[in-house]
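Please keep the sequence and the 3D view side by side while reading.

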Amino acid sequence: RARDTRERGGVFAFSAPRWVAVVGAQIEGKKQKAIQLPNAQAVTATIGFIERRFSYSRLGKRGADQVRVKLIVAAFEHSCSRALDPQLHTHCLVMNLGIDSEGVARSILSKPFYEAKMLAGAFYRMELARLLQSTLGVEIKRPLDPDGRPQPWFEIKGVSKSILSHFSKRRAAIEAELGARGMESASAAAFATLSTRQTKTIVPPRGELHKRWRSEGQELGFSLDDVFSKPHTLTAEARQKQFRIALEEAVATLTFGENSFGKEELTRCTLEAGLGCGLTADEVAAGIERELAGNAMFVPLGTRNGKSLWTTTEVLAVEQEFLQSIDALAKRSFQPVASSLVEAAATRARGEGPRTYQLDEEQQEAVKYITQGRGAIKVVSGFAGTGKTDMLSAAKEALEKVEYRVVGTALAGVAARSLQEKTGIESATVKLRELQLYP
């Protein structure tokens, strides 16, 4: 993560997955460098990537021009959480001082750091996973969420869930807080993290902590023999194949819900998709640069808010087909509902007791547009809370008077259920409607 100021430097915090910290806690003495060194190398590589891609100083009138600068960064490695469990993480303080190509010291623009925080995290995790594979031979796994989608971090094979839970007191406290409050969203998790945060205490020497952790691990039957194996490398052909697999997964993920994406988004998703594939993070970043510049499947769309955007030929074809369908529907004839029926539905009082209400003038106009407007496609938009569902309920009443069948659809199941409950319109998800139309 990175904290955004204006032109003040910033702070990055790189936290290794818990599996890495737990393994590192079981290694004795100087051998602990087997975990610490890959972590430090991954942090250094990530800072170098940030410096090459996002490190600027502003020049000229009102800072209209930008010049690249090299960074000055102080890194502080910590080995434990506030609950004194293993948690390998590194705080990187970026000074508000960059050196340009002529050796001139300049203030830095930190907003790009904030915008790149998710990309930086993905870069770090992929590089750390690769280094652990190539030096210790650990087997990397990508966990799945309850819906079967890969998560953006990695696990290490050989570390059982019971071992991980034992050394995750901080996480247990957060989950208990979420359970007690009946919350599960990302914002709720952030709130629970803060509300359960313990006051910092004096941390025992690292050697003493590691001795304690190894003793606890031995009592739980944890063995490093289940974790370490023979390091392996990839051939050039295999590296290219792994990159293509990760890229295809990233494109599928991005275009599932969006019709365009930026270079940083594609790079981040490809890094996450390629976790554990053996490629370096720099290889992936450079590969994305080449693909966007020379692969015909990527279509440049110009810039928006100063950000270059792309889509794919497949998505573009779907968009064009969609627009053609809209044009055809707009020209198709539509049998309007009689004005008397529309007027009755739009002006009738609804609800009971203190919840009785009538549609306002704007809602009534929307009902008339849906039931009497020209063309077989109508578009109505409105802010949350402006009464769209009340309006749709009236439109349904008028349309069904002349034997139209009214059905509803929404992207999410919760939205479909809400639509049906509030309007009485038989509703389902888009996916279910597709299966009904094309079984």
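Which residue in β5 does V11 stand opposite? V11 stands opposite L93. The model is a predicted one: local features need pLDDT of at least 70 and side-chain atom pairs pLDDT 80 or more, while totals for chains, interfaces and linings use all residues. Residues are numbered from 1 along each chain as its sequence is written, and side-chain values use heavy atoms, leaving out hydrogens and water.

**The sheet**

β1 and β5 (residues 86-94) pair in the antiparallel sense over six bridges. Strands here are DSSP runs of E with at least two residues, helices are runs of H or I with at least four, and both are numbered from the N terminus. Two strands pair if DSSP finds at least two bridges between them. β1 and β5 belong to an open sheet of three strands, in the order β1-β5-β4, with antiparallel pairing. The edge strands, each pairing on one side only, are β1 (10-15) and β4 (73-80). Neighbouring strands of this sheet are turned by 20° against each other on average, direction ignored. Strands of a sheet pair through backbone hydrogen bonds, parallel or antiparallel.

Helix α8 (residues 206-219) lies across β4 and β5 and runs at about 35° to β4. Axes are lines fitted to C-alpha atoms, for helices over the stretch in contact; angles run from 0 to 180 degrees between N-to-C directions.

The loop between β4 and β5 holds L84. L84 is not a glycine, yet its phi is positive, about 65°. E403 also has a positive phi, about 70°, without being a glycine. E403 sits in the loop between α15 (388-401) and β12 (407-410). Most residues other than glycine have a negative phi.

**Helix pairs**

| Helix pair | Angle | Axes apart |
|---|---|---|
| α2 (residues 33-54) and α4 (residues 117-136) | about 145° | 8 Å |
| α13 (residues 339-347) and α14 (residues 361-372) | about 145° | 10 Å |

α2 and α4 cross in the right-handed sense. A crossing is right-handed if the near helix is turned clockwise from the far one by less than a right angle, and left-handed if anticlockwise. Among the contact residues are F49, I50 and F54 of α2 and F123, Y124 and L128 of α4. Contact means heavy atoms within 4.5 Å. By class, the contact of α2 with α4 has 17 nonpolar, four polar and one charged residues. Ala, Val, Leu, Ile, Met, Phe, Trp, Tyr, Cys and Pro count as nonpolar; Asp, Glu, Lys and Arg as charged; the others, Gly among them, as polar.

The crossing of α13 and α14 is right-handed. S339, V342, E343, A346 and T347 of α13 meet Q364, V367, K368, T371 and Q372 of α14. That contact has three nonpolar, five polar and two charged residues.

The axes of α10 (residues 263-273) and α11 (residues 281-294) come within 10 Å and cross at roughly 135°. α10 and α11 are therefore oblique to each other. Angles under 35 degrees count as roughly parallel, over 145 as roughly antiparallel, 65 to 115 as roughly perpendicular and the rest as oblique.

**Confidence**

The mean pLDDT of the protein is 88, and 91% of its residues reach 70 or more. pLDDT is the predictor's confidence in each residue, from 0 to 100. Confidence is highest in α10, at a mean of 97, and lowest in α7 (residues 186-195), at 59. Over residues 1-7 the pLDDT is below 50. Where pLDDT is low, the predicted coordinates should not be read in detail.
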